[in-house]
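Come and look along with me.

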Amino acid sequence: MVYLDNAATTFPKPRSVYQTFSRAVSAYGANPGRSGHSMSMSTAQAVYSSRSRCAEFFGAEPENTVFTLNCTHALNMAIKGLARPGAHFVISDIEHNAVVRPVHSLTDYGMEYSIFESSPDPGETVRNAENSIRRNTAALICTAAGNVTGARLPLKELAELCQRKKICFIVDAAQGAGLLPLSLKDGINIICTAGHKGLYGPMGTGLMLTDGKYPLRTIIEGGTGSASESLEQPQFLPDRFESGTINTPGSIALGAGVDFVSTRTPERILKHETELCRSFCASARRIPGIRLYTDIDEHPERYAPLVPFNIEGVPSGEASIKLSDMGFYMRGGLHCAPLAHKKLGTLETGVVRFAPSAFNTPEDVSRLIWALRKRKWDA
């Protein structure tokens with residue numbers, strides 16, 4: 001089995017993540033922050049330790065680091081937390097449905113959104129974004145890297161634009177966290193990310209990290225273990241956004257994933273995965289009937305490490321199934337990103353997505369190339 005679906009969720013995880021998760025289940029069985037007994041206190045300490053490491057990784061303060069169920073959960077909290085009557089939002093044309101659907105849902109309440117065209121030219125991307133901003137724009141929301149092509153957006157320049165315009169800048173870091181430089185210290189106001197992708201944590205984990213400059217309303221209220229005498233949700237973070245019991249084992253194990261990435265370094269992981277993508281492209285381009293939708297092999301600085309491709313005459317969903325039968329696990333279809341597919345011209349066909357991780361090897365690439373050359377099912 002060769003697992004190459006790491007843009008959806010990384011597998012395998014580092015051994016330390018498995019060990020930490022197992023220990024969290026067996027040793028930290030009490031509810032953190034809900035009781036004063038020793039097990040509850042030790043669990044709370046383990047959660048805080050993980051929270052602190054996640055915060056440090058993204059240049060945030062621990063109290064402004066919120067554990068979520070996933071990146072979609074985090075994005076909904078950030079976007080809807082800024083929603084006000086008459087508000088306007090700006091998003092890019094390669095956004096995942098985790099961004100598009102929340103902003104689109106707000107149109108039922110009189111709010112609006114605009115979509116700006118991204119470009120390989122950072123300057124053009126920023127100009128297009130600026131032209132979409134209005135007097136009532138509340139936030140610009142964009143992905144660090146698209147989940148269909150891996151195209152990277154100029155976050156530094158977009159952050160500077162948002163600072164000039166005095167609007168909130170929210171980054172969907174699902175495909176960038178653990179690979180690309182992402183920090184609240186670089187002008188991003190809110191980072192939302194999955195814990196189970198490039199941070200190598202368990203599924204069911206995510207983060208919303210904020211610099212605190214833009215207060216957010218809640219979309220969920222309930223028990224927080226603090227200010228229990230009040231009918232109002234606490235104003236202070238992270239309690240304000242962590243109603244109910246968090247995924248305690250997952251949140252603790254996420255800290256181990258972040259430690260793995262920090263030790264290996266995002267730069268080394270990015271270089272490793274990018275080289276695998278470039279190697280795949282170089283060989284795949286020589287196989288008749290294979291179409292690639294990237295030039296990461298020529299311009300690696302423009303992309304996060306993934307490669308969308310199709311096999312002539314074979315729907316992407318069917319191709320992914322056939323490849324699975326041969327032992328290669330990749331995702332086909334639209335990847336929950338119809339805007340990106342419309343831009344790419346693959347809205348009808350979808351794509352198969354080659355997405356390596358830190359644990360994949362050049363041998364994995366060679367085996368996949370051999371399978372694509374020898375395929376007998378595309379006639």
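I started with Arg286, which is exposed at a relative accessible area of 59%. I took buried as under 20% relative accessible area, exposed as over 50%, and partly exposed as in between (1.4 Å probe, protein chains only). This is a predicted model, where local features need pLDDT of at least 70, side-chain atom pairs count only at pLDDT 80 or more, and totals for chains, interfaces and linings use all residues. Residues are numbered from 1 along each chain as its sequence is written, and side-chain values use heavy atoms, with hydrogens and water left out.

I found Arg286 in the loop between helix 8 (266-284) and strand 9 (290-292). Together with Arg373, Lys374 and Lys376, Arg286 forms a positive surface patch. Patch residues have over 30% relative accessible area and no salt bridge, with like charges joined within 9 Å and nonpolar side chains within 5 Å.

Next I looked up Tyr18, which sits in helix 1 (residues 15-27) and is partly exposed at 42% relative accessibility. Met1, Phe11, Tyr18 and Tyr329 make a nonpolar surface patch of about 420 Å².

Which residues of helix 9 (residues 316-325) are buried? I noted Ser316, Ala319, Ser320 and Leu323. They cover an arc of only 100° around the axis, which puts them on the same side of helix 9. Ile321 and Asp325 are exposed on the face turned away from that buried side.

In helix 6 (residues 155-165), I listed Leu155, Leu158, Ala159, Leu161 and Cys162 as buried. They fall within an arc of 160° seen down the axis, so they line one face of helix 6. Lys156 and Arg164 are exposed on the face of helix 6 turned away from its buried side.

Conventions:
Accessible areas come from the Shrake-Rupley method with a 1.4 Å probe; for residues, only the protein chains shown count as cover. A salt bridge is a side-chain nitrogen of Lys or Arg within 4 Å of a carboxyl oxygen of Asp or Glu. Lys and Arg count as positive and Asp and Glu as negative; His and the chain ends are not counted. The place of a charge is taken as NZ of Lys, CZ of Arg, CG of Asp or CD of Glu. Helices (H or I, at least four residues) and strands (E, at least two) are DSSP runs, numbered from the N terminus. The arc is that of the directions from the helix axis to the C-beta atoms.
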